[in-house]
Structure formats: C-alpha cells, structure tokens
Amino acid sequence: MQVDPITAYDLIASRYDQRYGDRRSLAENHALFSILRPWLARGRWLDLGCGTGLSLDYIHFSLDTYVGLDASQEMLAVAQRKAPAHTFVHGRMEYLSQFNDGTFDGVLSLFGAACYS
C-alpha cells in the first residue's frame with residue numbers, strides 16, 4: 001500500500017524528533033545551522049516544510065521574524081507544542097498566495113521539503 005508523503009509525516013510526527021536525534025543527524029543539523037545562522041539572524045523568514053520546528057531548535061527567531069508552514073497537521077502540532085508562541089500555518093507550499101505581500105526577506109526549506117509537495 002502506497003502512502004502519500006503528508007500522511008506518512010502525520011503518522012511519524014510524534015516520534016520524528018526522536019528518530020532524527022541520533023549523533024549523526026544532530027551533527028548534520030549543527031553544521032547546517034552554523035552555516036545558516038548569520039543569514040537567518042537577519043530579516044523575516046518563511047520556513048517551508050517546517051515539520052516539527054527544527055529551525056527553532058537551532059535558531060532563536062523572535063516571534064515576528066519566523067513563520068513555519070507545513071502540509072502535515074501532526075508535524076505542526078509537535079512544532080506548536082515546542083514553540084507555542086510562534087506562528088505555524090497549515091498548507092501546501094505550492095499554494096503560497098497568502099504570502100505574496102512581500103512580508104518575508106527569505107524562504108527556508110530544508111532537507112528536501114520542496115520535493116514532498
């Protein structure tokens with residue numbers, strides 16, 4: 001039985017962070033965010049495919065400089081529990097018309113998230 005990516009992420013959301021909490025994944029995340037930190041520290045960012053809010057685990061975005069978007073309701077639920085004051089939007093990244101107002105300085109989309117839409 002083939003499961004679409006959104007359903008697959010809904011099914012693993014509660015254990016996603018634990019699954020990718022191994023030493024190798026953590027080292028990769030640390031290296032990636034060390035490189036990105038200087039850019040992400042400035043401006044307002046839209047995190048496409050934000051999942052469980054991994055970016056917020058590594059970058060301390062202020063409330064007005066970060067919005068996470070994901071197609072998986074369950075991944076967003078985890079992100080919202082981890083960062084309840086931040087803004088998360090349920091939606092698919094190919095339908096971004098609600099963000100066409102120029103309020104973001106950049107878009108973040110990590111780990112192939114654009115491939116799942």
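Helices here are DSSP runs of H or I with at least four residues, numbered from the N terminus. With that in hand, here are some close-up views of this predicted model.

**View 1. The largest pocket and the helices that line it.** Welcome to a pocket that holds about 690 Å³ of space. Its lining counts 33 residues, and Tyr9, Tyr16, Gly49, Gly51 and Met75 are the closest to the centre. Two or more lining residues come from each of α1 (5–19), α2 (23–40) and α3 (54–58). Helix α1 gives the largest share of the lining, six residues. By type, the lining of the largest pocket divides into 17 nonpolar, ten polar and six charged residues.

**View 2. An aromatic cluster of tyrosines.** Here Tyr9, Tyr16 and Tyr20 come together as one aromatic cluster. Look also for Arg19, which lies over the face of Tyr20 at 4.9 Å from the ring centre.

**View 3. The rings of Phe61 and Tyr66.** The structure has five aromatic pairs. In the one shown here, the ring centres of Phe61 and Tyr66 are 5.0 Å apart and the planes meet at 40°, so the pair is tilted. Phe61 counts as buried because its relative accessibility is 7%, and Tyr66 counts as buried at 1%.

Conventions: Residues are numbered from 1 along each chain as its sequence is written. This is a predicted model: local features need pLDDT of at least 70, side-chain atom pairs count only at pLDDT 80 or more; totals for chains, interfaces and linings use all residues. Side-chain values use heavy atoms; hydrogens and water are left out. Rings of Phe, Tyr and Trp (its six-membered ring) pair if their centres lie within 6.5 Å; planes under 30 degrees apart count as stacked, over 60 as edge-to-face and the rest as tilted. Buried means under 20% relative accessible area, exposed over 50%, partly exposed in between (1.4 Å probe, protein chains only). A charge sits over a ring if NZ of Lys or CZ of Arg is within 6 Å of the ring centre and within 35 degrees of the ring normal. On a 1 Å grid over the protein atoms alone, a cavity is a set of points where a 1.4 Å probe fits but cannot get out, and a pocket is an open set with protein on both sides within 12 Å along at least five of seven lines; lining residues have an atom within 4 Å of a point. Grid points are joined across faces, edges and corners, and a volume is the space filled by probe spheres set on the points. Ala, Val, Leu, Ile, Met, Phe, Trp, Tyr, Cys and Pro count as nonpolar, Asp, Glu, Lys and Arg as charged, and the others, Gly among them, as polar.
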